Amino acid sequence: MSDGSMEVPVSEPAARPSAGVQPAGAGPRQEATGRAAGAARDTDVVMRTEDVTVTYDGIPALRDITIDIHRNRITAFIGASGCGKSTLLRCFNRMNDLIPTAEVRGSVLYHGEDLYQPGVDPVEVRRHIGMVFQKPNPFPKSIYDNVAFGPKVLHMKVDMDEVVERSLRQAALWDEAKDRLKDNALGLSGGQQQRLCIARALATSPDVLLMDEPCSALDPIATGRIEDLMVALREQYTIVIVTHNMQQATRVSDMTAFITVELDEHDNRTGTIIEYEETGRLFSQPADPRTEEYVTGRIG
């Protein structure tokens, strides 16, 4: 790793387990939700955080986060605004590096390799761990150039026409865009722009796709298309989403982590994981009363 490159382990996607998975190395809080902990031994872990704490200007925003992310599953982070869901998501591909006051402590492992160790190139990290943001953010370029942007910047030796078509097909946008590839992407509808951003993220052939509230700016029809797309992409990618929409979490995710804010000894508001469980169990049989209060709408 001293040369700044990343080697990506190659393995066949594991079959999706039917039971929930407890985060490996979880402390007492997660032990309370460990009804399906045995499944962790049978599931392929793609990413893992170990005792991750994130601070801004020295003030903790997240603390002691330990969680496993499993291959070909959709994992949802839920919780009230300001609890640190997006901060945690950005740890997975080092987007917090772009915030000067942010500091990440602990380990973020990708196929067992610490992404924060010296010598790791964050640009290479983001090639393998793509991200789609809350609001569609296409570049003021053609549809074609938007999708081709990542492979060109990374100097990937690929057939660009094939990459663009494959990515647009995976994002369920090819049929709508194939006759207008040279048109400015800003002329697309909001839902189409978000699918274009997904295609742009897929163009570098990532292993993991991070999605930060990808439907919050979309109408119900466009939201439904993005949700259907996420479920289809799960067959090829590992997906982690942040959502304020609990119904969305139940519709698309396999695993859900409930994050809430607690006050530390200095009265700082700090996010922490209360419960991480198979989605159906977390919503129907939460192990922690705070989770039950949140998913039933009594708090939040």
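1. Helix 4 and helix 5 come out roughly perpendicular to each other (the label covers 65 to 115 degrees, with under 35 being roughly parallel, over 145 roughly antiparallel and the rest oblique). They pack at an angle of about 110 degrees, with axes 9 Å apart; axes here are lines fitted to C-alpha atoms over the stretch in contact, and angles run from 0 to 180 degrees between N-to-C directions. Helix 4 passes helix 5 in a right-handed crossing, meaning that the near helix is turned clockwise from the far one by less than a right angle.

2. On the helix 4 side, the contact (heavy atoms within 4.5 Å) uses I143, Y144, V147, A148, P151 and K152, and helix 5 answers with M160, D161, V163, V164, S167 and L168. By class that gives 9 nonpolar, 1 polar and 2 charged residues. For the classes, Ala, Val, Leu, Ile, Met, Phe, Trp, Tyr, Cys and Pro count as nonpolar, Asp, Glu, Lys and Arg as charged, and the others, Gly among them, as polar.

3. A word on provenance: this is a predicted model, where local features need pLDDT of at least 70 and side-chain atom pairs pLDDT 80 or more, while totals for chains, interfaces and linings use all residues. Numbering starts from 1 along each chain as its sequence is written, and side-chain values use heavy atoms, leaving out hydrogens and water. Helices (H or I, at least four residues) and strands (E, at least two) are DSSP runs numbered from the N terminus.

4. Back to helix 4: its buried residues (under 20% relative accessible area; exposed is over 50%, partly exposed in between, with a 1.4 Å probe and protein chains only) are I143, Y144, N146, V147, A148, G150 and P151. Their cover includes helix 5, helix 6 and helix 7.

5. Helix 7 (residues 190–202) is mostly covered too, with 12 of its 13 residues buried. Its cover includes helix 4 (143–153), helix 5 (160–170) and strand 7 (208–212). End to end, the C-alphas of helix 7 reach 19 Å, close to the expected 18 Å (1.5 Å times one less than the number of residues).

6. A few backbone angles deserve a look, because most residues other than glycine have a negative phi. D64 has phi near 55 degrees, sits in strand 2 (residues 59–70) and is partly exposed at 44%. R94 has phi of about 60 degrees and lies in the loop between helix 2 (85–91) and strand 4 (102–110); at 12% relative accessibility, R94 counts as buried. H155, which follows helix 4, has a positive phi near 55 degrees.
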